[in-house]
Each structure stands twice: as C-alpha cells, then as structure tokens.
Amino acid sequence: MERKNRYTSFDEFLAKHPNCCHIDPGVPYDMGTPFFIDRITGYDSGTVISFKFNEEYLEPNGNIITQEIQVLARLQNCGESRW
C-alpha cells in the first residue's frame, strides 16, 4: 500500500489535524512510570507529548484505507524528545 497523504509542511499537517498534538494530555497512557535515575539525571522530565492523526493508505485497486496513528513521546528536561 502507498501512503496517500503527504504534507508539504508542518503547517499544512496542523491545518488538516488541528487537535493532533498535546503536551501532557492528562489522560492515562500506557508508557509506564519513568525510572528514578532517568528523572534525576534529566533524561526523563515526566512530561509526555501525544500525537494523534489519521493516516490514509491507497490500495492498488484504488480503495483508501484510513488508520488512526497515535505516538507518545517523553521529553527530556531540555525539551528534546526521547522518541
């Protein structure tokens, strides 16, 4: 299958998926508790970023399949993603 939706920029992606991204979404997520050593060394700030959007795939016969994608990433203390 071929991915159907390609974006020319992040702004175009946000226009099509305005509610896709949240920092510390405040709902339960399955990432487990951060390790203590990661917290005290700054490798894990305890903050999570959630991305959620629909990915469209084009089958060879022309049918479009839509799949919801969710990505969870932890942040380091400096704001970089650990993903």
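**Charged pairs**

I started at Lys 52, which is partly exposed with a relative accessible area of 38%. I'm keeping in mind that this is a predicted model.

Which residue does Lys 52 form a salt bridge with? I found Glu 68, with the closest N and O atoms 4.0 Å apart. Lys 52 sits in strand E3 (residues 48–58) and Glu 68 in strand E4 (residues 64–74), so this pair ties together parts that are 16 residues apart in sequence. I also checked Glu 68: its relative accessibility is 52%, so it counts as exposed.

My search of the whole structure gave two salt bridges. Lys 16 and Glu 12 also meet through their side chains, at 3.5 Å from N to O. Both are in helix H1 (residues 10–16), four residues apart, or about one turn of the helix. Lys 16 counts as exposed at 51%, while Glu 12 is partly exposed at 23%.

**Ring pairs**

How many aromatic pairs does the structure hold? I noted two. Phe 10 and Phe 13 are stacked, with 5.9 Å between centres and 15 degrees between the planes. Both lie in helix H1, three residues apart, about one turn of the helix.

My last entry: ring pairs join Phe 10, Phe 13 and Phe 53 into a cluster.

Conventions:
Residues are numbered from 1 along each chain as its sequence is written. This is a predicted model: local features need pLDDT of at least 70, side-chain atom pairs count only at pLDDT 80 or more; totals for chains, interfaces and linings use all residues. Side-chain values use heavy atoms; hydrogens and water are left out. Helices (H or I, at least four residues) and strands (E, at least two) are DSSP runs, numbered from the N terminus. Buried means under 20% relative accessible area, exposed over 50%, partly exposed in between (1.4 Å probe, protein chains only). Rings of Phe, Tyr and Trp (its six-membered ring) pair if their centres lie within 6.5 Å; planes under 30 degrees apart count as stacked, over 60 as edge-to-face and the rest as tilted.
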